[in-house]
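The sequence and structure come first, and the notes follow.

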Amino acid sequence: MLAFHIKESDCYGLISNNSISLDDKDNFGNSMILMELHKIKCFISKNNTIVGIQTIYKDRREKDKVKEYQSIFIKIDNNCLEQEFIFQETEAIINITIWKDEIINGFEITTNKERIFLFGLNSGNKIMLNEFSTGTNMVVGMFTKFDYKIGLTALGFYYTKIKEHLILLYSGFFYLRAKIKNEKFYNSIKHNFSNMDYITKTILNLSLLPKNLFVNIIKYKIKIF
C-alpha cells in the first residue's frame with residue numbers, strides 16, 4: 001500500500017480529569033483510510049447540550065457497502081433530540097466550524113457536495129479550523145472527550161490531503177493496468193472472464209482501455225469527488 005499520512009487537528013474544548021476518550025482511530029487504526037463516514041449522529045438535551053454522539057462507517061472494500069460499522073457511540077440522556085447527517089456517495093467533510101465556551105456548544109460541517117449541517121448550537125466563540133481553510137484536506141475520522149455528567153466537552157478531527165486520498169483509492173487501477181501486461185496473468189484472467197461478476201468485468205475492461213481513455217476516466221472520477 002502507498003504511504004499515507006493521517007494528521008490530526010487540535011482537540012477543541014474542555015479536557016478534565018473526568019474526561020473519557022472516544023476515538024475513531026482506536027477502533028480502526030491504520031485501516032481508517034479504508035473506511036468512509038456514512039452517518040454522524042448527535043444527541044441534544046433539553047438545555048441544548050450535546051449529550052451523545054455516534055459515528056458510523058462503511059468499508060470501501062465491500063462491493064455492496066450495505067454493512068455498517070459503528071465506531072464512536074455514547075449517550076448519557078435518553079430523553080433528547082437526535083440530529084443525523086447521512087453522507088451521499090463520494091461525499092466527505094472538507095470544512096469544519098466549531099462553537100465553544102468552555103465546552104463544545106456545537107460544530108458545523110461542510111462537504112464537497114456543498115451541503116452544510118449544524119450539530120448543536122452556533123453560539124459562543126467561533127473557531128474556523130485552519131486545516132480546512134484551503135479546501136485541500138478532508139476529514140477521515142473524529143476524536144472526542146466526554147464527561148458523563150456534562151456530555152461532549154471537546155472535539156477534534158483526523159484529516160488527510162484530498163489528493164493523497166484519491167491517489168490511494170485509485171492506485172489499484174494503475175497497478176492492475178501494469179500487471180495485466182504480463183501475458184500469463186492476462187491469459188488467466190481471460191480464461192475466467194465469463195465467470196466474473198459485473199463489477200469485476202467493468203474494472204478489467206477499464207484497465208484494458210487505451211491510455212488516453214483510461215486516464216480521462218480516472219480524471220473524471222477524481223473530478224466528481
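Two strands are said to pair if DSSP finds at least two bridges between them. Helices (H or I, at least four residues) and strands (E, at least two) are DSSP runs, numbered from the N terminus. This is a predicted model, in which local features need pLDDT of at least 70 and side-chain atom pairs count only at pLDDT 80 or more, while totals for chains, interfaces and linings use all residues. Residues are numbered from 1 along each chain as its sequence is written, and side-chain values use heavy atoms, with hydrogens and water left out.

**Sheet E6-E5-E4-E7**

- Four strands make up an open sheet in the order E6-E5-E4-E7, and the pairing is antiparallel.
- Strand E6 (69-75) and strand E7 (81-86) are the edge strands, each pairing on one side only.
- From one strand to the next, the twist averages 15°; axes are lines fitted to C-alpha atoms, for helices over the stretch in contact, and angles run from 0 to 180 degrees between N-to-C directions.
- Six bridges join strand E4 (residues 35-44) to E7 in the antiparallel sense.
- Gln-83 in E7 is the bridge partner of Cys-42.

**Cysteines**

- The whole structure contains zero disulfides, a disulfide being a pair of cysteine sulfur atoms within 2.5 Å.
- For Cys-42, the closest cysteine sulfur is in Cys-80, 10 Å away, which is too far for a bond.
- For Cys-11, the closest cysteine sulfur is that of Cys-42, at 14 Å, again too far for a bond.
- Cys-42 is buried, at 0% relative accessibility, whereas Cys-11 is partly exposed at 25%; buried means under 20% relative accessible area, exposed over 50%, and partly exposed in between (1.4 Å probe, protein chains only).

**Sheet E10-E9-E8-E11**

- A second open sheet has four strands in the order E10-E9-E8-E11, with antiparallel pairing.
- Strand E10 (116-120) and strand E11 (125-128) each have a single partner strand, so one side of each lacks a neighbour in the sheet.
- Neighbouring strands here are turned by 20° against each other on average, direction ignored.
- Strand E8 (residues 93-100) pairs with strand E9 (residues 104-111) over seven bridges, in the antiparallel sense.
- Opposite Thr-97 stands Glu-108 in E9.

**Thr-153**

- Thr-153 belongs to strand E13 (residues 151-161) and is buried, with a relative accessible area of 1%.
- Its side chain reaches the backbone oxygen of Leu-14 at 2.8 Å.
- Leaving aside residues up to four places away in sequence, Thr-153 touches residues including Tyr-12, Leu-14, Ile-103 and Phe-146, where contact means heavy atoms within 4.5 Å.

Note on methods:
A polar contact is a pair of N or O atoms within 3.5 Å; within protein, one must be able to donate a hydrogen and the other to accept it, and residues adjacent in sequence count only if both atoms are side-chain atoms.
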